[in-house]
Amino acid sequence: MKTYIQLFTLIFLAASCAKDADLATDQANFTRIYDSNKFDASYYPIDIKQTPDEGFLILGGRRLTDSNLSGTYLMKIDKLGAYVSDLEVPTDKVGPIGPLLETNGKYYFFSMTPVGLNIQLCEVDANGGISKTIAVVGDAAIGYPAAAFNDNGNFLLLRYDNLKKESVVDLVSTAGVTTNSKGFSIGAGDGVEAQFITHFTRTGRQFPFQVGKAAGKYFFNGFYQYNFSLVFADFADNSKPAIVFGQAANGGFSSIVPLDGTKFAASRFNSGDNYLVPNAIFKTGADNKSNFTDEDLAGNYLPELSPNATVRIISATVNGKDIILYGSNTRSKQISLYGYDKATGKFIGSRYLGFSNPFEIAAMTTTKDGGLAVCGTTYVAGRFPRICLFKISKDELAKSFK
Amino acid sequence: MRKIYLVLLLVSVALGAQAQGKKRAAAFNANKQKANANQFIEQQWWLGFKAGINMAQADPIKRYTILTPTNYSSSLVEKKYDAFKEIGIQTTVEISYYYKGFYFSTQPSYISSTFTYSNQLQWVNATNVNEQLTQTYKQTQKVEYADLPFIIKYDITGSKLRPFVQVGIFYSLLLNAVKTVEVSSIDQATGGTNTINSEPLIVGAKDLFSSYWGLMGGIGASYQFGNVRLVLDATYRQSMSNIANPQNRFINDRLSGIGDAQDDLNLKNITISAGVLFPMRYLSSSFKSNDR
């Protein structure tokens, strides 16, 4: 009897201290869908940044009834994923683009005015409020902003200049002053411009415009001479760019992240098919010409991805190992994550997020607790576009990407 | 069932015969035999089998949600737990040691409980009331546990019909869990009132739950029928630790996708069981196990 009682005591002690929820557990893993009960509301996220309080700031867009362009939406959530506040930014700021550019404790994004296409830089505080709107002056004052990049406190801006029919890369300060600018013709005629317009009005295909810096140059992923190409250049007048040609709007790169020198993690699309290229080497020297289908850029073909899928790439450290994480969308309407060893490009695991309703990726970021935040769009009740957030703990990542 | 009964019967007869043999050898005279008999019948081992039904209710310790309202109150989408609505089953093997009116008992059980909850979502166009959708999510959660209780039971009277009270402590070992989600919608944006009932989503949910411990108390009565006892009892069981697994709260994408997050829960059960108990030893062929 004594042994029996001792056995029970041990079991009960083990059970009672086993698994009560705590703050760390609640913060480590969660899934959230941020819902509005407005039948006609439509929200989509553009980028997410973790704020110093370990909460998150989400830049998004929203449907406007009085403009062909998207409105701007900001949301602040806490470290447990709970909703704190949101802001339906007034309609004088439309066509917002990511990423959220963080410098000196402030967050910035580019948008434009609905009339006149005046580009403006919006300063956002960590609580999701717009603290300042700065009109961009100089060459970058007018156009359709397409992509941005934080270049050590100044911002690279890729925009479409509809007057000159050019893809233009600008360097803009936080005061909104354009300090450098260089344009690249998209080609004569209206064919390419039509695709720009449907992209900006979100009535057609969303192109993976991107601008960044690598190997001492800036690069942009956008239209150049009729093709959706990857272009490496600098601002010197007489420099000749290096070009990795795409094929019209049918083929090109869907995401690029510089790793080391001319080594990149990339993904490409070709007539709807998608390829992940964890160890891409681009020829970035002046006047180099190559093609997005070159043999050394073949990569891994993923037929499970949706046609011309959105792809996001980040570097992360999981299990003490540097990895490259790809996030994309599957044909089955899930968000898929793929991990590759950063040094070797070897596949190390995958994970799928979302089910039942459609889910689409918008952005992902590593978090201060070693986890991962994946932000996307889901269609609640199969129809209402709403922002969703998956927080995956360090331990869960370690299980998925060994 | 018949096989179990036969096995229990054989075991009890064998143990009874063994007890009688030992007792005969020790009985020298009538007085001493009577004194020994009194001492003997103050103790007894009982072995039995019970089965019955139960009803469960889950109470949230801490609520969790996936669908997070931005422009309406979270109370509008809060899950509403039903009280003791669905019927589950349990089967029990009872092993009890009787001493002077008290039973010290363990009653290992298989218990399958079902509790339900629901919530409702609504989207409305403020400028066009014809555009609205109402969705009702009904979740049916079945959990299966192996119970290991320690119970003290006391006979209130010593007659042929013996009412008793019992209290105990138990540990419930998780065996399995299955969740069924039924979604029904009323869509008024399609030009009329469109009622949609989707096929239930049935998902294995063992990862969402864990083993737990709890306390129990109840009443019942046993009735002497020949040399066995028929027993009927009703017990209230209350978990004292969280039955959910916080680590895996959001791990099931099928459930997360439709906005279901597992709350931290306490589980309450009301069980009603009936069965039969067999004495494990007999003083003599004329001596009944209920004598004292």
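These questions and answers concern a predicted model, its chain contact and one of its sheets. Local features need pLDDT of at least 70, side-chain atom pairs count only at pLDDT 80 or more, and totals for chains, interfaces and linings use all residues. Residues are numbered from 1 along each chain as its sequence is written, and chains are lettered from A in the order in which they are written.

Q: What makes a residue part of the contact between chain A and chain B, and how many residues does each chain give?
A: Two residues are in contact if their C-beta atoms, placed from the backbone, lie within 7 Å. The contact takes 33 residues from chain A and 37 from chain B. On the side of chain B that touches chain A, the largest share, 5 residues, comes from S7(B).

Q: Why are S1 (residues 30-35) of chain A and S2(B) called paired?
A: Strands are DSSP runs of E, at least two residues, numbered from the N terminus. Two strands pair if DSSP finds at least two bridges between them. S1 of chain A and S2(B) are joined by 3 bridges, so they pair; they run parallel. A:Tyr34 stands opposite B:Thr68 in S2(B).

Q: Why do S14 (210-214) and S21 (289-291) of chain A stand at the edges?
A: The open sheet has 5 strands in the order S14-S15-S16-S17-S21 (chain A), with mixed pairing. S14 and S21 each have a single partner strand, so one side of each is left without a neighbour in the sheet.

Q: Which strand pairs with S21(A) in the parallel sense, and over how many bridges?
A: S17 (residues 242-245) of chain A does, over 3 bridges. In S21(A), A:Ser290 is the bridge partner of A:Val244.

Note on methods
Helix = DSSP H or I, 4+ residues; strand = E, 2+ residues; numbered from the N terminus.
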